[in-house]
Amino acid sequence: MKKLLLALTTSAAVLGFAAAASAQDKTKICFIYVGSKTDGGWTQAHDIGRQALQAEFGDKIETPFLENVPEGPDAERAIERMARSGCAMVFTTSFGFMDATIKVAEKFPDVKFEHATGFKTAPNVATYNSRFYEGRYIQGQIAAKMSQKGVAGYIASFPIPEVVMGINAFVHGAQSVNPDFKVKVIWANTWFDPGKEADAAKALIDQGVDILTQHTDTTAPMQVAAERGIKAFGQASDMIKAGPETQLTAIVDTWGNYYIKRTKQLMDGTWKSEQIWDGLKDGILTMAPYTNMPDDVKKMAEETEAKIKSGELHPYTGPIKKQDGSEWLKEGETADDQTLLGMNFYIAGVDDKLPQ
Amino acid sequence: MRIELEKRPRPSTFYAVLSPFIALALTVIVGGIMFWMLGKDPLGALYSFFVEPLLDVWSLHEIAIKAAPLILIGVGLSVCYRSNNWNIGAEGQFIMGAIAGSIVPVVFHDWHSPLVLPLMLIFGMIGGALYAGIPAFLKANMNTNEILSSLMLVYIAQLFLDWIVRGPWRSPEGYNFPVTRNFAPEAVLPEILASGRTNLGFVFAIVAALLIWFMMRYTLKGFEITVLGQSERAGRFAGFSSRRMIWFSMLLSGALAGLAGIAEVSGNINKLQPIISPGYGFTAIIVAFLGRLNPIGVIVAGLVLALTYVGGEAVQLTLSVSDKVTRVFQGLLLFFVLSCDTLILYRIRIVLSGRTAAMAQGGAE
Amino acid sequence: MGILEAILLTVITAATPLVLASIGELVTERAGVLNLGVEGMMIMGAVLAFAATQATGSPYVGILAGIAGGALFSLLFGFLTLTLVANQVATGLALTILGLGLSGQIGEPYVGMSGTKLPQIAIPLLSDIPYLGPILFKQDLIFYISIALVVGVNWFLFRSRAGLKMRAIGDNHASAHALGIGVIRTRYLAVLFGGACAGLAGAQLSLVYTPQWVENMSAGRGWIALALVVFASWRPWRVLAGGYLFGFVSISQLHAQALGLGIPSQFLSALPYLATVVVLVLISHNRRMTLVNTPASLGRPFVPDR
């Protein structure tokens, strides 16, 4: 217990020091988190980005944040509190903060707002998002090479376009290697419940999948995969610690690069409201090291990654059929962003019915 | 050493007035120690937690907004608990009220009329009441424990909301994201003051609390609630039906929770989304008890709890302490209030050694 | 390993914390005390078990820490409700809120660490039985304890003198007191037992179910455990049955999804809760049976007259 308290007080003391070092002339770049900054997934990735930003600018800026802000009326209060406290720019890092961000932005025209994953902008509100599906496509290819049974399991959170887009990219990537590849999906209906995610992982493995990927935030599925001796992909953060012999790669959200870019623009006056959707080439997401796979698979993955980065390959390139057999993309045709951002259909090969 | 309670001949008015203050003082002291252990200046932290939010018009508005649903639900629950009906599922009734109230602005979104808002509020109350009617029916007719049935129904309501905003009610303009279309201006609860965003919901909360206070104090119904709550047998002798009371108290608290739900959605969120409550229905249980199940007390308790949220956020920002501190504070406050209330009914004696202690030991073999 | 065995193994892991927390609460309630703080005690057990395991490297020390943590935390509840006769419902809720907040504070340095999983213990001979052996006799210590506790509590309540006295207290504390049974002392012990079991259930979460510490990782399981006690109409064997039924429904809904049946996942996720309500109704509908088993003075405060 004593050790616990000590750990508590020291970590708190470090934080306290950071706060005490603040001064008036610093630019305040503020963050609103939907989860806990140590959730091991989505919010933690944003917080790592915030720390990278702080490290880049040192004591020229301050980066206060509020965590565990529920989506709804509390969000509006939290964002407004930030704006009132003199923040020059506020990053609101969850889709559910969209309307609250717009509302507060109207009241504070001099403050810049950046809303993650949304679609509403204003003169002082930009949106930003990451092309996670590029990473999922690479994962699909790896899965198809590594799987002996030709079936992968996918633990999904909620049927929003971003998640559906990820499943489709994974399937499409896999089928570019093995046209008969199948994916089984379980909707956990949570972003964050280790027990439920572990149960879903077990259910998928029991149903015969031998590769696991997840679009939920805890490392529980990775642990289950490690226990059962199959391979898996990490999500949002590098989860190699949870499965040193299990993780093939992970999609790592590296928001820091983006935060640094936008802060620079804010400081030199070139910031403008945009809808930014960056990908692998911009460094907003990176692939964790390709591990636990033969060299030829690793080589293929690296080549695909390079092709996506150079723009030579768009993961959504036709021919692609929808699940009902109708044609979606013709030979050589690539998907446009609007369709992707509103994606609400499966492509052929997904062994699931999309919740409507 | 042991602690003994001795029943007072009459409840102590002195402690009835003083005990909340003792509790608050104890919370502040323990909270100060906690801040000190975290390496923060305890006085400064307590100041920005409890005092600073009261000095700013903006944060006063925010406290009122936060308190409104807590008070609305809390007064309903206070009636329930006084009559010995343990409705723990106000969170579910809040959600169902919000869904029922949203039928008009979501399904009939082309219909523009000043009637929209009143209809929404009525639908919200009906929705909440009907949902509370399920555990009421199960208790009255099937003898099913309402604590658990109402609680299980919370999870079901949350999943139902999730399904409806992702499925049938999903906004056609929302890129398939799980939200309904935004409410039209006439479906939005108006703000009441020019100085901030407090809306009509706060007025509803105060009016509801006053009405229920009046009912409890001056009407036969209030008497019936108290009698049945204290002793079902005594109530039966007086000709009151505990079965009807189950229905009355559950429907009333459900309707108020439903009203809170639709008021919150209409006034603050302006649409339905998968999460519309940060646990108001559960926090309101604390509010009801902090307010000692007295409607006027509930108003005060709702405001105090809202203050802990708003103040907790302030210290998170200024002192970078974790948001869990707020929860710890709420837990402590409730603990101290509950234990200090013992002083109203009992005298507490600390017995160092003695006959009674020895007897109790012997009695237990 | 066949799919059925695999499902059963998953069900066991999912059901064990529910059974543990319920059997503890069952004893508490049999003594006439309603402690709604199971969720809080469980999460405290989870975080302390994880922390102790990290500090010492031994998950067995972790188990002890979980039990001790849950029990100590329940003592707070005991002091308020038994010594100061505070309202049990409110105090239980306060315990849950405090537990969730405090565990988050304590657990902050442990987030993201990979835990140590409690090893499995194969019982010689028995674990070689075809089919059943690997499922029932190649489990971790906490599973064995959970079964032993159900058997033990059943024996204690219905076969021992002390158990008889405890039930007497739960049914009518005034007459039990008149007969010279130490009401408050017994209730303290019952509350402590409930806390210890909830703490052990928490330890199962952070050492077996998902060997890591995550904030709010109990995710409502404490409430389900409370429901199971009523569901079981205060009978130990039915706690076991109920826990496994709930576990089975929540696991099979995941399998139903993986099979791609096309039912909205929200409805499947709601199934375990719905099933609990339905069974609750079916059981409590039989008024005579519930009246026989329900501790009559459940939730009522007791102050000895002098």
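Reply: Start with a helix pair. In chain B, the axes of helix 8 (residues 200-218) and helix 13 (residues 295-318) come within 8 Å and cross at roughly 150°. Axes are lines fitted to C-alpha atoms, for helices over the stretch in contact, and angles run from 0 to 180 degrees between N-to-C directions. Helices (H or I, at least four residues) and strands (E, at least two) are DSSP runs, numbered from the N terminus. This is a predicted model: local features need pLDDT of at least 70, side-chain atom pairs count only at pLDDT 80 or more, and totals for chains, interfaces and linings use all residues. Residues are numbered from 1 along each chain as its sequence is written, chains are lettered from A and ligands numbered from 1 in the order in which they are written, and side-chain values use heavy atoms, with hydrogens and water left out.

Me: How are helix 8 of chain B and helix 13 of chain B oriented to each other?

Reply: Use the angle classes. Under 35 degrees is roughly parallel, over 145 roughly antiparallel, 65 to 115 roughly perpendicular, and the rest oblique. Helix 8 of chain B and helix 13 of chain B are therefore roughly antiparallel.

Me: Which residues make the contact?

Reply: Contact means heavy atoms within 4.5 Å. Helix 8 of chain B brings Phe202(B), Ile206(B), Ala209(B), Leu210(B), Ile212(B) and Trp213(B). Helix 13 of chain B brings Pro295(B), Ile296(B), Ile299(B) and Leu303(B). By class, this contact has 10 nonpolar, no polar and no charged residues. Ala, Val, Leu, Ile, Met, Phe, Trp, Tyr, Cys and Pro count as nonpolar, Asp, Glu, Lys and Arg as charged, and the others, Gly among them, as polar.

Me: Now the interfaces. How is the size of an interface often given?

Reply: Often as the accessible area lost when the parts come together. Buried area here is that loss (1.4 Å probe), summed over both parts. Chain A and chain B bury about 3,700 Å² between them, 54% of it on carbon and sulfur atoms. Pro73(A), Arg77(A) and Arg81(A) supply 19% of the area that chain A buries against chain B, more than any other three residues. Chain B and chain C bury about 4,500 Å², with 73% on carbon and sulfur atoms. There, Met152(B), Lys324(B) and Phe335(B) supply 15% of chain B's buried area, more than any other three residues.

Me: How many salt bridges lie across the interface of chain A and chain B?

Reply: First, the idea. Side chains of opposite charge can pair when their charged atoms come close. The rule for a salt bridge is a side-chain nitrogen of Lys or Arg within 4 Å of a carboxyl oxygen of Asp or Glu. Between chain A and chain B it finds 6. One of them joins Lys66(B) and Asp74(A) (2.5 Å, N to O).

Me: How many are there between chain B and chain C?

Reply: The count is 2. Lys324(B) and Glu215(C) form a salt bridge at 3.3 Å, N to O. On the side of chain B that touches chain C, helix 14 of chain B gives the largest share, 12 residues. That side divides into 28 nonpolar, 12 polar and 7 charged residues.

Technical notes
Buried area is the accessible area (1.4 Å probe) that two parts lose on being put together, summed over both.
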